Each structure stands twice: as structure tokens, then as C-alpha cells.
Amino acid sequence: SLPSGAKIVQRCGTVPAAVQLSFGKGQITVFASPFGISEKPQCLLPAKIEEEKPLNMPFPMLRHMKALIEDIFASTKIFETNPMLSMITCVKNENEYTVLISNDQWEQQNFAVRSKTGEIVSMKELPVTVSEMKAVGYAPKTITAKPGKNTSNTIAGGAVRIFNIKLKHPNVMTEPEVEPTPNRSGRALALRNIRDIKEEILSRPTFFTQYDRAVIDWRYLYDRDQEALKREAGWIKRQKLEITTDLTSGINLYVDLRIVNNDAEQYRKSMDVVKEVIDKMAILGADELLLATQQPVINNYTSEKFEASTIETFQMLSDYAAEKGIRVMMRSSVGRLGESVKKASEIVVRVNRPNFTFAPSLALLLLDEANITANIAELKKMNIRSIVIASPRKDIHEQLYGTNTPICLFENKESIRKILTAFPEANLVMDGLYRSYDDEYSDIKIMNEMFAK
């Protein structure tokens with residue numbers, strides 16, 4: 001389906017293989033190929049990799065794509081040189097350029113610089129030392145030929161040369177410098193069932209344009225030794241990536257963790273695990289601990305004792321985390337203590353620790369749409385640093401079966417807007433169960449639109 005004005009530049013039989021369309025000051029080229037490479041491998045990689053031998057390319061670029069892309073790139077060149085050489089052009093202004101020529105072969109190559117637009121009025125070489133050419137190890141050990149010399153019309157093997165070039169009447173137009181949009185801050189993505197934080201971040205090339213924090217499950221830390229976390233912390237620190245650890249999945253009374261002391265031995269084991277996780281958080285550089293209350297204890301434990309034990313545990317964990325500069329946030333969960341905003345507020349007051357606060361669930365607030373205004377007013381009395389972002393989902397019988405649905409699937413977007421815009425400084429923890437990167441993007445797009453208005 002082609003828009004009007006589209007030009008078919010390549011066909012495969014009767015099917016358009018490449019289409020071009022003018023857009024603004026430029027041009028868009030669309031190829032009928034998802035990646036531009038062969039669908040099936042054209043060869044196999046060798047069983048043994050040999051030194052200085054080129055690798056086979058199982059998935060080469062499609063020939064028709066390569067031909068057209070070469071034409072497109074060639075049309076944008078200001079200068080040209082021997083096609084065996086590499087060239088980089090930096091614009092100083094419409095009439096002045098810095099051009100780098102490099103020879104990635106180990107043999108001397110013919111060399112010249114020609115202008116494709118305008119007349120060259122001066123070309124001055126910027127001196128670059130070549131002393132390394134005489135050093136041991138300059139060339140691979142398999143290279144025996146001499147690299148040659150740099151002259152007015154030759155460039156030595158492995159050499160780099162830089163020129164300042166001025167043109168007269170070039171047919172070019174320079175665009176004003178574009179200031180990059182600052183990356184967003186105060187937004188986190190929950191990463192579930194992951195093997196490596198770095199791999200997860202790098203698999204999302206635009207992660208840092210939308211998030212500055214990742215939320216990881218407590219098991220990620222508990223299952224790793226301290227040395228592994230120290231190595232991982234280096235990359236995380238260099239990226240300025242902030243980390244939150246979430247204990248929620250483990251607070252299930254049995255078999256993992258409990259935060260109520262209704263069984264002294266099991267409670268002690270749980271606290272040992274949580275403290276170990278907090279210790280490892282400090283090693284990794286994580287500065288927030290997200291947790292929830294647990295489901296009520298049914299037998300031989302009153303609701304008063306249950307609540308008192310929960311408060312005592314939160315106080316103890318907050319004190320332990322404070323020693324390592326870690327904040328503790330209680331998230332609300334369906335059917336558990338602190339489900340309502342008012343009860344959560346009471347718990348925060350009773351815990352009474354400066355590093356302990358409440359992280360409300362957007363899904364639970366949306367379930368109580370009739371009281372959104374009152375709940376917002378109650379939340380504003382607390383130091384709300386984060387809001388857990390997801391929406392509720394009900395079945396055909398209007399019974400709740402999930403609170404981790406992406407917000408793009410929730411119909412009443414205005415209620416979401418009303419809640420979130422009431423806390424413009426709060427961090428947003430994207431906690432939906434996303435099936436794909438596209439689903440993640442759909443929620444991000446909605447968030448961007450809400451806060452742009």
C-alpha cells in the first residue's frame with residue numbers, strides 16, 4: 001500500500017522491492033525486507049577460527065539493497081577518494097571541512113581527494129605522527145610486506161591522514177546544530193526473569209531515553225555471589241543506572257519469605273535472607289527496596305499481633321537498610337494489610353522511619369475510582385516517592401484477576417491522568433506484564449502524552 005507521490009525504484013517481478021518518498025527536506029527509502037540480509041544462511045562458520053583469516057558471512061546484505069544504499073550514500077558525499085580507502089568528513093561551515101582518510105589495508109594505496117561540489121581552493125594537511133609505524137607489533141605478525149610511504153599521491157598501509165579543505169561555491173546547505181533532548185529521569189522499568197541486567201538494558205537500545213532506573217527481583221541478587229555483583233556494579237555505575245530491588249514475589253509466607261513472626265525459626269531464616277539481599281544491594285549499588293505486606297495468617301494469630309509484627313519487621317528492615325543508604329518502600333497489594341490508602345498511611349506513621357514510605361499501586365487506585373479524589377488527598381499527606389504503574393483487569397463476570405495489566409489496555413485514561421498528574425515529582429515504576437517491547441512502548445507513549453499536556 002503506497003502513498004501518493006511514492007516512487008518505486010526497485011522491483012522483484014511485479015512486487016515493489018524499494019520505494020522512495022520525499023519528506024520535508026529529505027527522502028525516505030523503504031525496503032521490502034525486515035533486516036536487509038538473506039533469510040537463510042548462505043554458508044556455515046568454520047569449526048575452527050584461524051588467525052588472520054576472514055570469517056564467512058552466513059547472512060550477507062542482499063545485493064539489491066547494497067546497490068541502492070551505496071547509491072544513496074554516494075549522493076550525499078561532498079568529497080570522494082580511492083574506493084579502497086575510508087573517508088570521514090566533518091563540517092566546520094559551508095566552505096570549510098576537515099577530512100580524514102584512512103587505509104585499512106596493509107599495502108600502499110593510490111590517493112587523491114576530489115570535490116563533488118564546488119572548487120577546492122586550498123587543502124592543507126594536518127600533521128599526524130607516524131612514529132608507531134616503526135614500532136614492534138605495528139602490523140599483525142602474518143604481514144610481511146612493507147606498508148609503503150605517505151606521499152602526495154599515495155597513502156601507506158594502515159596510515160591515517162587528515163586535511164583541512166576549503167571550497168568555493170559548494171552546492172551544500174548546513175542545518176543548525178540540534179540540541180539533544182535530555183533523557184528522562186524518574187521512571188523505572190520492572191525487569192522480570194532476567195539473566196543479566198546489562199543484557200536486558202542493551203536489548204532495548206532506547207532504554208535510557210525513557211528510563212533511568214531498573215527494578216529487579218530479589219532472587220537476582222540472592223542467587224549471585226558478591227564477586228559477580230561487584231563486577232556487574234562497574235557497568236551499572238558507569239551508565240548511571242539506578243536500581244530498585246523488589247521483594248514482593250518472595251513474601252508468600254511459605255516457601256520463600258515471611259515478614260510476620262508467627263514461626264520463630266522460619267521468620268529468622270527469612271530475615272537472614274532479606275538482610276543478605278540488602279547487603280548485596282549495597283554491593284550492586286541499588287538504593288531502593290520495594291516490598292509488600294504478606295497474606296493474613298489464618299491459625300492461632302490475631303490480626304492485632306499480625307499488624308504489630310509487620311510494623312516491627314518494617315522498622316527493623318528500615319534501620320538495617322538505612323545503614324547502607326537504602327530507602328524502603330511498601331507497595332500495596334490486593335487482600336493484604338495496607339491495601340487501602342488510609343491503612344497504608346497509618347502503617348507509615350507507625351513505622352516512623354525517615355527512609356520508609358509508601359509506593360501506591362495505580363491499579364488499586366483505579367479499582368476505587370469513586371474515591372480517587374479522596375485517595376489523592378490522603379496520599380499527598382505522605383512522602384510519595386514512587387507510584388507502581390499498571391492497571392487492573394477483570395473477567396467477563398467483573399471479577400478481578402490481575403493488577404499488572406499494561407495501562408494501554410485500560411479504557412478510562414482520564415482517571416490515570418488525574419492520579420499521575422497529581423504527583424508530578426514521583427518516580428513511575430512501569431510494572432505491567434509486557435508481552436513484547438512493543439507493549440512496553442505503548443505504555444511509555446501514553447505516559448509521555450499525559451505529561452506533555
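## Ground rules

Residues are numbered from 1 along each chain as its sequence is written, and side-chain values use heavy atoms, with hydrogens and water left out. As this is a predicted model, local features need pLDDT of at least 70 and side-chain atom pairs count only at pLDDT 80 or more, while totals for chains, interfaces and linings use all residues.

## Salt bridges

The structure holds 29 salt bridges (a side-chain nitrogen of Lys or Arg within 4 Å of a carboxyl oxygen of Asp or Glu). Take Arg-213 and Asp-287, whose side chains meet at 2.8 Å, N to O. Arg-213 sits in strand S13 and Asp-287 in the loop between helix H6 and strand S15, so this pair ties together parts 74 residues apart in sequence (helices are DSSP runs of H or I, at least four residues, and strands runs of E, at least two, numbered from the N terminus). Arg-213 is buried at 4% relative accessible area, and Asp-287 also counts as buried at 18% (buried is under 20%, exposed over 50%, partly exposed in between, with a 1.4 Å probe and protein chains only).

Then there's Arg-327 with Glu-288, again with 2.8 Å between the closest N and O atoms. This one links strand S16 to strand S15, so parts 39 residues apart in sequence are tied together. Glu-288 is buried at 1% relative accessibility, whereas Arg-327 is partly exposed at 21%.

## A buried glutamate without a partner

Glu-232 lies in helix H5 (residues 226–238). It is buried yet has no salt bridge; the nearest side chain of opposite charge, Arg-224, is 4.1 Å away (Lys and Arg count as positive, Asp and Glu as negative; His and the chain ends are not counted). Beyond its neighbours within four places in sequence, Glu-232 is in contact (heavy atoms within 4.5 Å) with residues including Asp-196, Lys-198, Tyr-220 and Leu-284.

The largest pocket has a volume of about 640 Å³. Of its 30 lining residues, Arg-192, Asp-246, Thr-248, Ser-249 and Arg-331 are closest to the centre. A pocket here is an open set of points on a 1 Å grid over the protein atoms alone, where a 1.4 Å probe fits, with protein on both sides within 12 Å along at least five of seven lines; lining residues have an atom within 4 Å of a point. Volume is the space filled by probe spheres set on the points, which are joined across faces, edges and corners. S13 gives the most to this lining, with three residues.

The second largest pocket holds about 290 Å³ of space. Its lining includes Leu-366, Pro-392, Arg-393 and Phe-410, and S19 gives the most, with three residues.
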